[in-house]
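Subject: Structure handover

Hello,

Here is the structure for you to look over. My notes follow below.

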Amino acid sequence: VQSPDNSYADQRTSPVNVPSALSNQNGVKRKVRTKKKKGVITANVAGTKYEIVRIAIGEMAFHKTRDEDETANLIWNDSAVQHEKIAELRNYQRINHFPGMGEICRKDCLARNMAKMIKIQPQEYSFIPKTWIFPAEYTQFQNYVKELRRKRKQKTFIVTGPAARISLIRNCEKLPAQDHFIVQEYLDKPFLMEGYKFDLRIYILVTSCDPLRIFLYNDGLVRMGTEKYHTPNESNLNQLYMHLTNYSVNKHNENFERDETVDKGSKRSIGWFTEFLRCNDYDVAKFWGDVSELVVKTLIVAEPHVLHAYRMCRPGQPPGSDSVCFEVLGFDIILDRKLKPWLLELLIYKRKIVCRRNLAQQKAEAQRRLYGQGSMKKLSAGSSEWEKQRLTLERRKEELKERLAQVRKQISREEHEKRHLGNYRRIYPPEDKLLLEKYEGLLSVAFQTFLAGRAASLQKEMNNPLKRMKART
């Protein structure tokens, strides 16, 4: 989360109020404004209940601040944050959530947004099981079931209801039409390990949405089922320990093995799984390439929503500025017997986000920033040809200076990333130019889909950032 030019430490000079036991000459206690030590990276972790976050900041030698300190370099929250808080952050601060990311991290939103991309790019978005949101898509679901019946096929479906209750069904007529459910087609031919079904938790870091930058962590979790797998039928649908790989389900089974080693138990490491694939002559490079594409394509779906929400929160920021937001995401992925990855869901901690800022004012500020209104001298009606040429040259000069500054900043950022990658690797933008072109094409489709039917002013505002983002990657 540190910025490429080490601005975390160098820009951290704002004074904060701290209680003081000293008294003034009248004997009245007063607060003394002091500066925190230059070069110290501070972290506010009051918003998390997870001890692992505190352990991590300790290992990084970050200084833990008081709970009420809103000026820390790093602010970590389990839940999503209000737009106002992101808007108020100073440029040296970083917070662990992007606005708008809920568009792919809620299962219903993910299904709705994916459906739009599937309609336009079915071959590129064939990695998510068929999903229906009840009650809105009840009729479509029943039509699908009727078509299966006509072909004399029967499939199993996973139903997620209120309070995240999960069940498997085959008799689809029993589903009530008006209840709120998410129904997803069950993948009944999974890749098995030792006879057990499993899924993968892949960890992803997004450091910027303008331009989009995505990093994949080279390890993660393999989460095993706790009963040997058998193809679903009427007699075993209730055996959730067999069919589901969720930790929240399987931890209650007496067969759940709590083993701290990477290669045993009900939770194992992806590093171990990668070695298993290599030892059994599977194409490991293709496997990770497929996983990386699934991740990037999913985040491409979110990008227009995230970029728009971020711009609304930070309207005065020039394009390409260091992002004050970052996000750690958990992708839950299952493999079929051909080792094809399928996306089950994404995880972040979230709650309802409320935005009370003046959106009209934000849009005006964003448009002024984007289109340079008032930034250059305007020509009068009687301006001479020489004046017009001079102003054109001035504008071109400013554009080139801005472009040069962006290139230098990009080079500095990439050099910093290479030095501090750790166990991460960048998957967007990719090094492969052909793959980058494909992703840029999908980004264009995602923006067009997002903007369809929206106001012309928003379409103009969002198209220019897309062009600049593509130019910088």
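Strand β8 covers residues 157-160. Phe157 and Val159 point one way from β8, Ile158 and Thr160 the other. All of them are buried, meaning under 20% relative accessible area; exposed is over 50%, and partly exposed lies in between (1.4 Å probe, protein chains only). Helices (H or I, at least four residues) and strands (E, at least two) are DSSP runs, numbered from the N terminus.

Before going further: this is a predicted model, where local features need pLDDT of at least 70 and side-chain atom pairs count only at pLDDT 80 or more, while totals for chains, interfaces and linings use all residues. Residues are numbered from 1 along each chain as its sequence is written, and side-chain values use heavy atoms, with hydrogens and water left out.

β8 has two partners to look at. It runs antiparallel to β9 (residues 166-169), with 4 bridges. Thr160 sits opposite Ile166 of β9. β8 is also antiparallel to β10 (residues 182-185), again through 4 bridges. There, Val159 faces Val183. Strands count as paired if DSSP finds at least two bridges between them.

Next, the salt bridges. The whole structure has 26. The criterion is a side-chain nitrogen of Lys or Arg within 4 Å of a carboxyl oxygen of Asp or Glu.

- Arg170 and Glu234 form one at 3.6 Å, N to O. This pair links distant parts of the chain, 64 residues apart: Arg170 is in the loop between β9 and β10, Glu234 in the loop between β12 (212-224) and α7 (240-243). Arg170 counts as buried because its relative accessibility is 16%. Glu234 is at 54%, so it counts as exposed.
- Arg201 and Asp332 form another at 2.5 Å, N to O. These two also link distant parts of the chain, 131 residues apart, with Arg201 in β11 (residues 198-209) and Asp332 in β14 (residues 327-335). Both are buried.
- Asp263 and Lys264 form a salt bridge at 3.8 Å, N to O. Asp263 is partly exposed, because its relative accessible area is 32%. Lys264, at 45%, is partly exposed as well.
- Arg213, Glu414, Glu417, Arg426 and Glu431 are linked in a salt-bridge network.

Now the helices. How do α5 and α10 cross? The axes of α5 (residues 107-120) and α10 (residues 284-313) come within 10 Å and cross at roughly 100 degrees. Axes are lines fitted to C-alpha atoms, for helices over the stretch in contact, and angles run from 0 to 180 degrees between N-to-C directions. The two helices are therefore roughly perpendicular (65 to 115 degrees; under 35 is roughly parallel, over 145 roughly antiparallel, the rest oblique). Leu110, Asn113, Met114 and Met117 of α5 meet Thr298, Val301 and His305 of α10; contact means heavy atoms within 4.5 Å.

Helix α9 spans residues 270-279. Its buried residues are Ile270, Trp272, Phe273, Thr274 and Leu277. They pack against β11, β12, β13 (267-269), α10 and β14. Just after α9, Asp281 takes a positive phi of about 65 degrees.

Last, the annotation. UniProt, in an unreviewed entry, places a "coiled-coil region" at residues 383-417. Its positions are in the numbering used here, feature names are shortened, and annotations may be inferred rather than shown by experiment. In the model, that span is 94% helix and 0% strand, and its end C-alpha atoms lie 49 Å apart.

Best wishes
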